[in-house]
Amino acid sequence: MLARTADNIYWVSRYLERADFLARLIEASSRISALPTAYAAKQDEWTSVLIASGADETFPDHFEVANEANVTAYLAFDARNPSSIRNCIQFARTNARAVRTAVTVEMWEHINSAWLKLKNFESQHPEPTAIDREALNGFLDFVKETSSLYDGHGYRTMLRNDVYFFARLGVSLERADNTARVLDVKYQLLLPENETVGGSVDYFQWSTILRSVSALTAYHWVYRESIKPWNVADLLILRPEMPRSLLSCYGEVVRWLDAIGNQYGRHGAAQRQARAIKRKLEGASIKEIFQSGLHEFVDGFITETNGLASAIAEQYLLG
Amino acid sequence: MSQFFDEMTNGAAEPRALYRRIAEWLRSAPPELLDARREQAEILFRKIGITFAVYGDKEAAERLIPFDIIPRLLGRDEWTRLEAGLVQRVKALNMFLTDIYGRQEIIKAGLIPQDLIFRNECYRPEMQGRRAPHDIWTHIAGIDIVRIDDEDFYVLEDNCRTPSGVSYMLEDREMMMRLLPGLFAQHAVLPVDNYPDNLLASLRSAAPPHCPGDPCIVILTPGQFNSAYYEHSFLADKLGVELVEGRDLTVRDDIVYMRTTEGEKRVDVIYRRVDDDFLDPLVFRPDSVLGAAGLMGAYLAGNVTLANAPGAGLADDKAVYTYMPEIIRFYLGEDAKLKNVRTWRCREPDALKYVLEHLSELVVKEVNGSGGYGMLVGPHASKEQIETFRQKLLRDPDGFIAQPTLSLSTCPTSLPGGVAPRHVDLRPFVLCGADGVRIVPGGLTRVALKEGSLVVNSSQGGGTKDTWVLADNAK
Amino acid sequence: MRAQLTLQIEVRFSDAARSANQLLRLTPRAFDGLHVLDWFVGVEPVATLRRGEDGFGNIVHSCSHAGPLDKILITAEGLVETQDAAGVTRGLHEKQPLDVFLRHHESPGDIAAYAAQALDGETDRLTGLHRLMAALHEKLRFAPADVPPRPAAEVFAAGEGSARELAQVFVAAARAEEIPARFVSGLRLDGGEGAPIHAWAEAYVDGLGWIGFDSALGFCPRDAHLRLGHGVDFFSAAPRRGAFFGYADEKVETRLAISSARQASWQIQQ
């Protein structure tokens, strides 16, 4: 397979996974900011959303206030934000079009029509900051559906060869990165001292974190008790059965990298690094993580994941 | 009574025998059916993403070429005549290119003025003294054909560089079989779907002579923002070959490789859809990123075949076109089977004088223009447009040729208001391999959707039709 | 004159390049005014240099390097003997007909009108070309530089340019007057000021053949110009064309050293 084809296919997955994450993040945050002030400290909510989405640096170039309308418009619809949802869909489509022959007809038609719908939505809503909640919810549902269907079409129609492996690799790696970003922004809410502070304010913050990685229901199934911060951290970092946990994502990353290595008959730096990160997660306990510092742990993880992404690019995608 | 040859009626009350079933169907089909099928076709085309980009049109960066659901018919006898003419013409084109970049006999014989060739931008000095592998320069040619009566075929233009449109020929056929299976079944239509196999076989046969085993073939595209990108990816898919961009290729010691996830892989044949100018920044435009540095070195060393060969564009130059009857006679000793449209070469003073006096009746074309840009259709032009062209002609007569406004034939076409005749042309695709010439029966019929318009180019609002070559004769 | 010379082109990449390809026109072809006694082209890191001939008959070498690559050093050296042939380039194998050198490669802009005026109806082509060279030498300041040339019309409007830019202006002016003209790249053996790689133009005069005109210096090449190659424009005659793959900038430095050259005859005449 052409190195560029692998690169494109991998990025289609990453962009669509990112779009899905952003949609969930916006949803969860609008929910918390709709609560009466007594239930949630919301002044910083939208700033932390900007940080979690990585848009905090460019946002001030275009807006003065980080309020709901502005942040939502910037994250969801703004063409000037390189990783806005609309750009993610557009880039995903551009990447898919560049490798039109590597994706199946179903996948291509789906992403092409999603792009056409996006265009249509934009022509109906020319002013992003003026989009009402109802239209926004409709849009976010459409985004989540787009990602799920693309995944589903891939699952049902693709040959299980390197093309498929690179597509899956993109999803897993992007997911790991997104979960880590949420943890990085909200880690102070999960620190043990918050337990004593307690109260409803933090409860809603915790549930927001869970919602942003669609883990609220899962939480209850796994722990069968009310939301506790260390459980939230445990679920998002170490639970193998939770599909967006760091460990689960790395299980997938290793799996797909190994599949690629096996097909080509050669394993390299990318496989080695991925396995090392996975081993580290497997060997960790939530207690130790809190003892040695949650923030440091997540920071280190993000750095290592970036390093892995470069190794993958070097080994396969640049050719 | 129309002054044009209508391919269905030929001006009579009763349709030509060939079109009998089509005429019946048009009489009996309710108008809503045609409308419904037309809309269905558009939805399907948009969904699979068959679009083309129009240069200089930001708003509609990706547009659909309108598809007309009424097929255009040719009888087997008509096709046989046309096919023989195409084979003859493409043979002559290849011999002409071999000669120009070789011994230049035709110039020595005084049949073509030297300056017409060597002052031409399409002549590539880099290719002088070189031979194309197997002496094939134009592996894929698109010859634009028009009819003005039920006898002769006229060549409007030869396309020897990177002719596009073949994906429409194939997709239009798919669409017809999907939308009007009954009508299709009533006719014995000769198939075109083996075109990709033919193309692959031709490219394979054109591999460098010493290439071992199964040659590695790729299609080189300028990328997804090119107007014909859909076609490039379509062909790569149908041929089962990689669609590469310049940045996927690397040349080391005169051998071309593509970068894959498993390292570098040697490439033997490149069906390139990138213009000469952009092929190699070391030889042609230094700022080009669409080709690969060193590609020409690899080509000249005989390690890779480029289809079509660099420099082949010389043969489809509109000024060279006017000499085609002489070119065919010179190399093949035969008369041209396909007619040339009468052409005035504005470089000749008498012709220029005539053209300037008859601008309002003639079609004036830029010698190096393509795609319907930079062209004057006298009878449809405003006074100002004519005046602008008069000035252009006076400034640079060598740059233009003129032709009579042809009475292009018409075919029934389904439009929002009903069925009406519209002007059409035909682009059959001729494949040249080391093992002979291949042509599938059919081609791309382009139709000018605007009433009275003679410009069929997609960039100028033209549409396409499926072309049915029937097993029955027209006469 | 007899000259022993060494030309070095050093290409440095700001960040390691993944691969690089070069096409070199650094080997002079002998003609009546030039005898090449000894010549060598080399490249470091060592790579296979393949020798060939381009469409104009110039000798070219090409080579490829696999990365990572910090720099490439190209060396051309040898011993040559030049003779003053009053600028006439005779005895070269000409591969292209004159018409190729009449093609307008770029829009001449104001140069066309200027050329017509400079020639002022002069019927003797040789006299006319000398007049054109003198006029351009007068009008355009010679500002040596070793970068790709700007479009001729732009150089003409700016009023100054490098040797290669001035040569392209001369070529455009001659072609605007329907005189076949071509671009020549080469070296100066007199150690005169300016970029090591020089350029001038040649125009065709019936009966005499191709004659060099150096409007940067204001005279026809004699024995202190070493001719490396010609083409329709700078790019088709460029001494080096290179391309590399990677995210980096390239910096090129060119050095020319000349030894054991006798006093150039033109210096005595001046």
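A polar contact is a pair of N or O atoms within 3.5 Å; within protein, one must be able to donate a hydrogen and the other to accept it, and residues adjacent in sequence count only if both atoms are side-chain atoms. By that rule, 11 residue pairs, both at pLDDT 80 or more, are in polar contact across the interface of chain A and chain B.

The model is predicted: local features need pLDDT of at least 70, side-chain atom pairs count only at pLDDT 80 or more, and totals for chains, interfaces and linings use all residues. Residues are numbered from 1 along each chain as its sequence is written, chains are lettered from A and ligands numbered from 1 in the order in which they are written, and side-chain values use heavy atoms, with hydrogens and water left out.

The side of chain A that touches chain B comprises 13 nonpolar, seven polar and seven charged residues (Ala, Val, Leu, Ile, Met, Phe, Trp, Tyr, Cys and Pro count as nonpolar, Asp, Glu, Lys and Arg as charged, and the others, Gly among them, as polar).

In contact terms (heavy atoms within 4.5 Å), 27 residues of chain A meet 23 residues of chain B. Within chain A, Leu2(A), Arg4(A) and Arg97(A) lose the most area to chain B, together 33% of what that side buries (accessible area, 1.4 Å probe, lost on putting two parts together, summed over both).

The rule also finds two salt bridges across this interface, each a side-chain nitrogen of Lys or Arg within 4 Å of a carboxyl oxygen of Asp or Glu. Arg4(A) forms a salt bridge with Asp248(B), with the closest N and O atoms 2.6 Å apart.
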